[in-house]
Amino acid sequence: MQLRSARRSIDKVDKEIARLINRRAELALEVGRTKRKGYKEGEGAVYVPSREKEVLKNVISSKSILGEEALKNIYTEIISACRNLESPTKIAFLGPWATFTHQAAIKNFGSSGYFIPVASPREVLLEVESGRVDFGVVPVENSNEGSVNMTLDMLVETDLKICAEISLKIEQCFLVKDSKSKILRIYSHEHALAQCRNWRLRNYPEAEVIPVSSTAEAAKKVVKEDFAAAIAGEASAKIYDLYILHKGIQDSRENFTRFFVIGKILTKASGKDKTSLVFTVKDKVGALCNILGIFNKNDVNLAKIESRPTKKKAWEYIFFVDLKGHIEDENIAKTLESLKRSCVFVKSLGSYQKA
Ligand SMILES: C=C(O[C@@H]1C=C(C(=O)O)C=C[C@H]1O)C(=O)O
């Protein structure tokens with residue numbers, strides 16, 4: 001095929017795609033109007049994570065030479081624009097711009113909507129609780145460094161629900177203003193500093209290490225200071241116009257962070273769900289063992305268990321568990337009922353489709 005005629009064919013296909021996207025947007029608007037009529041109890045939310053996952057699955061099932069990832073990216077943006085047409089979604093995230101949480105938020109919601117950077121996971125959840133935003137995105141756990149304690153504590157304190165889980169591969173970079181300058185100080189979030197500890201000790205053993213509230217905040221510091229470097233993502237280099245001196249400096253190749261989308265809606269079962277619960281047990285011999293027996297008896301698969309101090313009484317702990325299944329599944333619902341009888345305190349943090 002000649003170049004000219006191939007390009008003409010592309011022009012024709014593009015017009016057809018734009019026409020179909022417009023048709024899709026009209027249908028989304030119609031869905032939006034139905035939702036506003038309060039279709040059925042609990043079905044009025046604009047953002048429906050389970051439906052969006054279903055749409056993506058449907059699209060990916062049609063084979064494309066572009067590959068799954070590219071198709072997913074394109075479609076995430078189409079869904080994002082359609083959702084925004086129904087009603088613009090307000091999303092708070094651990095900022096500033098270009099944090100890994102910001103990237104996770106875009107991976108989940110696409111780039112349409114209002115993204116509002118705030119200074120801590122605590123503030124993200126408070127924004128959602130107050131209704132100033134519809135959803136919040138917070139980091140919850142890194143595959144090498146473990147949990148983000150402030151997120152876990154806030155999930156216990158508020159009555160908000162986990163609506164979706166996002167997993168992001170984390171690649172840390174060493175960002176500087178001037179590639180020739182010596183480095184006296186290294187800024188980053190404590191998790192990022194820990195992920196690159198060995199690399200830093202090998203390469204900059206003398207530099208002072210300064211923890212700050214996020215990787216992007218570290219990048220902002222470097223813009224203003226001389227002899228400083230930040231450990232942050234590539235996105236921070238782009239936004240704050242810094243030079244990437246080294247890339248992929250995390251000590252472990254396998255470096256993933258899980259994030260939660262937090263809101264006030266309950267997510268429907270998809271068949272591939274997880275449920276997060278918190279509970280405290282009575283202070284007596286075999287109490288935890290008894291609780292674990294409840295999971296076992298109901299055939300519930302425990303994906304994770306972790307404890308945190310209750311902060312109410314010394315040496316008293318609250319347990320966080322992730323279960324495989326949805327709160328509406330019979331065995332999970334039964335488990336929750338039994339836990340209520342045996343625990344001092346128990347609460348569901350939400351069911352969501354596995355990332
Ligand atoms: C159109 C809808 O609203 C939103 C947009 C969706 C889409 O564009 O496919 C899917 C789910 C919702 O988050 C819907 O609920 O079906």
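In these legends, Ala, Val, Leu, Ile, Met, Phe, Trp, Tyr, Cys and Pro count as nonpolar, Asp, Glu, Lys and Arg as charged, and the others, Gly among them, as polar. The model is predicted, so local features need pLDDT of at least 70 and side-chain atom pairs count only at pLDDT 80 or more, while totals for chains, interfaces and linings use all residues. Residues are numbered from 1 along each chain as its sequence is written.

Twelve helices and 15 strands make up its secondary structure elements (DSSP runs numbered from the N terminus: helices are H or I, at least four residues, and strands are E, at least two). Along the principal axes, the C-alpha atoms fill a box of roughly 80 × 60 × 35 Å. Of the 355 residues, 37% count as buried (20 or more other C-beta atoms within 10 Å of the residue's own; exposed means 12 or fewer, partly exposed in between, with C-beta atoms placed from the backbone). Among contacts with a separation of 6 or more, 73% join residues 24 or more positions apart (a contact requires C-beta atoms, placed from the backbone, within 7 Å).

**The shell around the ligand.** The residues around the ligand are A28, V31, Y47, V48, R51, E52, V55, I79, C82, R83 and E86 (C-beta atom, placed from the backbone, within 6 Å). Two or more of these residues come from each of α1 (3-36), α2 (49-60) and α3 (68-86). Helix α3 supplies the largest share, four residues. By class, the shell has seven nonpolar and four charged residues, with no polar residue.

**The contact between domain 1 and domain 2.** Domain 1 brings twelve residues to the contact, and domain 2 brings 13 residues. On the side of domain 1 that touches domain 2, α3 gives the most, with seven residues. That side of domain 1 has six nonpolar, four polar and two charged residues.

**The largest nonpolar core and I262.** This core has 51 residues, and V124, V137, V138 and I262 have the most contacts inside it (a nonpolar core is a set of buried Ala, Val, Leu, Ile, Met, Phe, Trp, Tyr and Cys residues joined through C-beta atoms within 7 Å). Its largest share, five residues, comes from α4. Domain 2 and domain 4 each contribute at least three residues to this core. Leaving aside residues up to four places away in sequence, I262 touches L125, V128, F135, G136, V138, L160, I162 and C163. A second, separate core has 21 residues, including A98, L175, I186 and L193.

**Helix α9 and its cover.** Seven of the ten residues of α9 (residues 215-224) are buried, leaving this helix mostly covered. The buried residues are T215, A216, E217, A218, A219, K220 and V222. Their cover includes the helices α4, α7 (190-195) and α10 (234-240), together with the strands β6 (173-176), β7 (185-188) and β9 (228-232).

P96 is found in the loop between β1 (90-94) and α4 (100-109). Most residues other than glycine have a negative phi, and most peptide bonds are trans.

Phi of D299 is near 60 degrees, a positive value in a residue other than glycine. D299 is found in the loop between α11 (287-297) and β13 (302-309), and it counts as exposed because it has 11 C-beta neighbours inside 10 Å. W315, also not a glycine, has a positive phi of about 65 degrees. The loop between β13 and β14 (317-324) holds W315, which counts as exposed because it has 7 C-beta neighbours inside 10 Å.

An unreviewed UniProt entry places "domain: Prephenate dehydratase" at residues 90-264 (positions follow the numbering used here, feature names are shortened, and annotations may be inferred rather than shown by experiment). Over residues 90-264 the chain is 34% helix and 34% strand, with the end C-alpha atoms 13 Å apart. The record, an unreviewed entry, also lists "domain: ACT" at residues 276-353. Over residues 276-353 the chain is 31% helix and 38% strand, and 11 Å lie between the end C-alpha atoms.

Key: Domains from an automatic or database assignment. Contact = placed C-beta atoms within 7 Å.
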